[in-house]
Amino acid sequence: MSDEGLSRRSVLRGAAVTAVAGVAGFAVAATSEAADDTGAATAANGYGAEEETGQRLAALADIPAGGGLILDGPRVVLTRVESGGVAAFSATCTHQGCTVSSIEDGLIVCPCHLSRFDLATGAPVSGPAASPLPPVAVEVRGEDVFII
Ligand code: FES
């Protein structure tokens, strides 16, 4: 074997080691990025973390008897029947997903196609919505209403 042959073999072996190391490094980096991407997507789409429980939604005094209060942030409608009981529903209309916008004549009103929902039960009363507004579990603690 000549020195020239050893030298060529050494260069080829060195190139092969470099290529393997490069592929391994890429694989580790790609795996790390995939893990980071998964976390970012989970946080961004809102499905990753459960809704915080115990969040204060409103003061009881801010919910008129026989009326309600629509909260834009948590998209919740808090209602209060004449007897004083508090109910809570999703503010997302079950027809096509608009946010309900007002309480009129004792009914929760969706502005998009004018579905109206019962204040105490969330059941559709008129308009195209066929399903009730989903209930939201809340409790009154002292003078405030909390999501549970
Ligand atoms: S989206 Fe509410 S009535 Fe159509």
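Guide: The hairpin of S2 and S3 has 4 residues between the strands, and arginine 75 there takes a positive phi near 50 degrees. Strands are DSSP runs of E of at least two residues, helices are runs of H or I of at least four, and both are numbered from the N terminus. This is a predicted model, in which local features need pLDDT of at least 70, side-chain atom pairs count only at pLDDT 80 or more, and totals for chains, interfaces and linings use all residues. Residues are numbered from 1 along each chain as its sequence is written.

Visitor: In the hairpin of S3 and S4, which residue takes a positive phi?
Guide: Glycine 84 does, near 105 degrees, in a hairpin with 5 residues between the strands.

Visitor: How is the pairing of strands read?
Guide: Strands of a sheet pair through backbone hydrogen bonds, either parallel or antiparallel. Two strands count as paired if DSSP finds at least two bridges between them. Here, 3 strands form an open antiparallel sheet in the order S2-S3-S4. Strand S2 (67-71) and strand S4 (86-90) stand at the edges with a single partner strand each, so one side of each has no neighbour in the sheet. Neighbouring strands of this sheet are turned by 20 degrees against each other on average, direction ignored, with axes taken as lines fitted to C-alpha atoms.

Visitor: Which residues stand opposite each other?
Guide: S2 and S3 pair over 5 bridges, and leucine 69 stands opposite leucine 78 in S3. Strand S3 (residues 76-80) also pairs with S4 over 5 bridges; leucine 78 stands opposite alanine 88 in S4, and the bridge partner of valine 76 is serine 90.

Visitor: Are the faces of S3 covered or open?
Guide: In a regular strand the side chains alternate between the two faces of the sheet. A residue is buried if 20 or more other C-beta atoms, placed from the backbone, lie within 10 Å of its own, exposed if 12 or fewer, and partly exposed in between. Both faces of S3 are covered, with Val76, Leu78 and Arg80 buried on one side and Val77 and Thr79 on the other.

Visitor: Why does serine 115 count as buried?
Guide: Serine 115 counts as buried because 25 C-beta neighbours lie inside 10 Å. Serine 115 is in the loop between strand S6 (107-109) and strand S7 (116-118).

Definitions and conventions
Axes fitted to C-alpha atoms, helices over the stretch in contact; angles between N-to-C directions.
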